[in-house]
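My entries follow in the order in which I checked things.

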Amino acid sequence: MEQLVFYFFALILVGAGTMVITVKNPVHAALFLVLAFFSSAGLWLLLEAEFLAITLVLVYVGAVMVLFLFVVMMLDINLAPLREGFMRYLPLGGLVALLMVIALAAAVGPRYFGAATRPPPHLADYSNTRELGQVLYTDYIYPFEIAAMILLVAIVAAIVLTMRGPRQTKAQRPSEQVAVRREDRVRLVKMPAPARQPASEAPPRTAQR
């Protein structure tokens, strides 16, 4: 039964991943990517990695893909260039995919697959969250800190690239507004009042119809 569930989620994952790169509509591609994330979460549940499965659903599906859908649906994307460039870059994409498969096979190897290499089931009180935290903050603390610094530099670089050039908006400065005085904003001008002319010397009024 477990193998049937594994092949079920695996087939859905492969099919959804294929549709992500072959479908023409970007909204449909994002929805197929959500389906691929759900299938990956199901595979991680089979591997007793509940924390990673829940994190994948909450973070990627609940936050990142929602943002992608908002951006894709708000932008007016011209689909004609996308259809024209697919067949042109298909051989290059297939070559890159083949190289990635070869690299993964060489890094992982067949020793981690099969029923003979399956690890024994854990006890009922086993917590993969605790185990993941212990391994992440003990054995891999330096790679974790380096990855955090790289992400921080990327965030700062994105902010700098966004705010470069002259600013077009006028921002208020509350400190200067509080310290302003009446003499800085109001100027009293004294002008002599004009002399009143007698009624006999006043210019005649033109009649209006």
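I took helices from DSSP runs (H or I, at least four residues; strands are E, at least two), numbered from the N terminus. In soluble globular proteins, nonpolar side chains tend to be buried together.

**Conventions.** I number residues from 1 along each chain as its sequence is written. Since the model is predicted, I note that local features need pLDDT of at least 70, that side-chain atom pairs count only at pLDDT 80 or more, while totals for chains, interfaces and linings use all residues, and that side-chain values use heavy atoms, with hydrogens and water left out.

I then followed Ala41, which lies in helix H2 and counts as buried because its relative accessibility is 5%; buried means under 20% relative accessible area, exposed over 50%, and partly exposed in between (1.4 Å probe, protein chains only). Leaving aside neighbours within four places in sequence, I find Ala41 in contact (heavy atoms within 4.5 Å) with Ala53, Leu56 and Val57. The C-alpha atoms of Ala41 and Leu52 are separated by 7.5 Å, with the two residues 11 apart along the chain. For Leu69, with the neighbours within four places again left out, I list contacts to Val27, Ala30 and Leu31.

**Ser39.** Which residues does Ser39 touch beyond its neighbours within four places in sequence? I find Phe9, Ile12 and Leu13. Ser39 is placed in helix H2 (residues 26-46), and it counts as buried because its relative accessibility is 3%.

**Loop.** Between H2 and H3 I stopped at Glu48, a loop residue that has a positive phi of about 60° although it is not a glycine. Most residues other than glycine have a negative phi. Glu48 is partly exposed, with a relative accessible area of 26%.

**Surface.** I next noted a nonpolar patch formed on the surface by Tyr89, Leu92, Leu95, Val96, Leu98, Leu99, Met100 and Ile102, with about 820 Å² of accessible area together. Leu95, found in helix H4 (residues 79-108), counts as partly exposed at 47% relative accessibility.

**Whole chain.** I count 8 helices and 0 strands, and 11% of the 209 residues as buried. The accessible surface (Shrake-Rupley method, 1.4 Å probe; for residues, only the protein chains shown count as cover) comes to about 18,500 Å², of which 69% belongs to carbon and sulfur atoms. Among contacts between residues at least 6 apart in sequence, 62% join residues at least 24 apart.

**Confidence.** The mean pLDDT (the predictor's confidence in each residue, from 0 to 100) is 79, and 80% of residues reach 70 or more. Confidence is lowest in helix H8 (residues 182-185), at a mean of 77, and highest in helix H6 (residues 141-162), at 89.

Key: Patches are made of residues with over 30% relative accessible area and no salt bridge: like charges are joined within 9 Å, nonpolar side chains (Val, Leu, Ile, Met, Phe, Trp, Tyr) within 5 Å. A salt bridge is a side-chain nitrogen of Lys or Arg within 4 Å of a carboxyl oxygen of Asp or Glu.
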